Amino acid sequence: MAERSTPGITKHERKTGVRYEVRWRPGPGEPEQSRSFPTYEAARAWRTQVDAARLQGQRLDPRAGKRLFRHYVEEWLADRPLADRTRELYAHQLKAHILPAFGDKALSRITSSSVRAWHGKLAARGGVVAPKCYRLLRSIMATAVEDGLIASNPCMVKGAGVEESAERPFVEPAVVLELVEVAHPRIKPMILVAAFGGLRLGELRALRLRDFNELAGTLKVGESIDPQLRRKAPKTAAGRRVVVLPAPVVQAVAQHVAEYGQGADGPLFPGELGAVISTSFVSKHWCQARAEVGREDVHFHDLRHTAGTLTAQAGATLRELMTRIGHSSPRAAMRYQHAAQSRDVELAQRIGDLMAPRDTRGTSG
């Protein structure tokens with residue numbers, strides 16, 4: 001005997017267990033169709049999709065949503081013009097975090113509650129993995145909606161795709177110079193350009209000698225090299241820029257070119273064999289330098305944050321910050337302004353300490 005529990009959903013007691021049946025008409029005048037589910041939640045999720053499709057004037061084909069998520073993802077990846085590094089990143093995120101949870105599920109069986117539970121477990125680990133993976137899953141399911149395979153996107157966790165990265169530390173210029181003093185000669189100017197010019201490691205490795213204009217004191221940034229030695233254009237137009245270097249940095253780079261330069265098309269910062277300097281070489285000698293000065297907590301990428309903060313302290317506008325650091329987003333550049341303001345408070349406190357009356361007790365008058 002069927003028992004109606006919710007409009008459009010009927011509960012059936014069977015020898016094999018309870019089933020929940022959803023009945024609907026795909027379109028006006030069309031024969032009624034039905035589909036049964038083992039749980040009420042699954043039936044309600046399908047009913048929600050049917051109702052959403054009707055409101056949007058869509059005809060929901062119940063067979064379309066039966067496609068397995070892993071099969072749909074293969075086509076989704078193949079159809080996208082992604083950079084090699086991005087494709088590798090997506091493949092890793094899918095294999096490590098998304099497919100284990102949803103790979104063998106039909107698209108229509110991926111519900112908002114299952115996404116919420118999956119995200120909650122991933123987010124509990126901390127870091128940026130959860131928001132990155134959530135954004136990828138949301139994008140895939142959004143395409144499935146566009147393709148008419150499902151009626152609505154089950155990724156509805158508010159704020160789940162927002163990354164709350166910890167603010168990078170500010171490396172004092174004095175510490176930067178200490179690191180330069182003890183570093184391997186081949187990475188000395190790289191440290192200076194990163195800390196006072198704001199270049200990323202991949203951008204530093206991609207520079208050719210012709211990109212350095214000693215007379216103008218500039219570097220022309222237009223490419224990056226990833227750990228697999230693949231040259232690539234910047235993600236945004238903002239990445240292409242000309243950076244003016246402080247005079248002492250220009251002098252250091254010029255001395256480096258005089259000693260290691262190999263022609264206009266050669267790398268500005270070559271490795272020991274003359275080719276593009278490897279990330280392992282930089283990492284090895286960077287770690288040695290920071291250990292020698294007792295600053296194992298400093299990462300090479302922190303130098304870029306130092307450059308942005310110093311630029312903000314020097315009075316740069318938001319647009320000038322974005323141009324110099326190569327950001328297309330004001331939000332990213334504003335981090336440096338915030339850091340500069342924090343540093344300004346710290347400096348004011350230090351000045352206040354210097355102005356405080358000295359304790360003259362115990363001295364003869």
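Reader: Where is the place of Ser224?

Author: In this predicted model, Ser224 belongs to strand E7, residues 224-225.

Reader: Is Ser224 buried or exposed, and how do you know?

Author: Ser224 has a relative accessibility of 17%. Buried means under 20%, so Ser224 counts as buried.

Reader: Which residues is Ser224 in contact with, leaving aside neighbours within four places in sequence?

Author: The contacts of Ser224 are Gly202, Glu203, Ala206, Arg230, Arg231 and Lys232. They are called contacts because heavy atoms lie within 4.5 Å.

Reader: Why is Ala43 called buried?

Author: Its relative accessible area is 0%. The limit for buried is under 20%, so Ala43 is buried. Ala43 lies in helix H1, and beyond its neighbours within four places in sequence it is in contact with Ile9, Tyr20, Val22 and Phe37.

Reader: How far is the C-alpha atom of Ala43 from that of Thr10?

Author: The two C-alpha atoms are separated by 9.2 Å, while the residues are 33 apart along the chain.

Reader: How do you know that strands E2 and E3 pair?

Author: Pairing requires at least two bridges. Strand E2 (residues 9-14) and strand E3 (residues 17-24) are joined by six bridges, so they pair, and they run antiparallel. Glu13 stands opposite Val18 in E3, and a hairpin of two residues links E2 to E3.

Reader: What makes E3 and E4 a pair?

Author: Five bridges join E3 to strand E4 (residues 33-37), again in the antiparallel sense. At least two are needed, so E3 and E4 pair. Val22 has Arg35 in E4 as its bridge partner.

Reader: What is the order of the strands in the open sheet that includes E6?

Author: The order is E5-E6-E9, with antiparallel pairing.

Reader: Why are E5 and E9 called edge strands?

Author: Strand E5 (212-213) and strand E9 (241-244) each pair on one side only. Strand E6 (residues 218-221) pairs with E9 over four bridges, and Val221 stands opposite Arg241 in E9.

Reader: How many residues line the second largest pocket?

Author: The lining has 14 residues, and Ala45, Thr48, Thr111, Ser112 and Ser113 lie nearest the centre of the pocket. Helix H1 (40-55) and helix H4 (112-123) are the elements that give two or more residues to this lining. H1 supplies the largest share, five residues. The pocket has a volume of about 260 Å³.

Reader: How do the lining residues divide into nonpolar, polar and charged?

Author: Five are nonpolar, seven polar and two charged.

Reader: How many disulfides does a search of the whole structure find?

Author: The search finds zero disulfides.

Reader: Why is Cys155 called buried, and why is Cys287 called partly exposed?

Author: Cys155 has 8% relative accessibility, which is under 20%, so it counts as buried. Cys287 has 31%, which falls between 20% and 50%, so it counts as partly exposed.

Reader: Which residues are buried in helix H12?

Author: In H12 (residues 318-325), Leu321, Met322, Arg324 and Ile325 are buried. Just after H12, Gly326 has a positive phi of about 85°.

How values were computed
Residues numbered from 1 in each chain as written. Predicted model: local features only at pLDDT ≥ 70, side-chain atom pairs only at ≥ 80, totals over all residues. Heavy atoms only, no water. 1 Å grid on protein atoms, 1.4 Å probe; cavity = no way out; pocket = protein on both sides within 12 Å on 5 of 7 lines; lining within 4 Å. Points joined across faces, edges and corners; volume = space filled by probe spheres on them. Nonpolar A, V, L, I, M, F, W, Y, C, P; charged D, E, K, R; others polar. Disulfide = S-S within 2.5 Å. Buried < 20%, exposed > 50% of the residue type's maximum accessible area, 1.4 Å probe, protein only.
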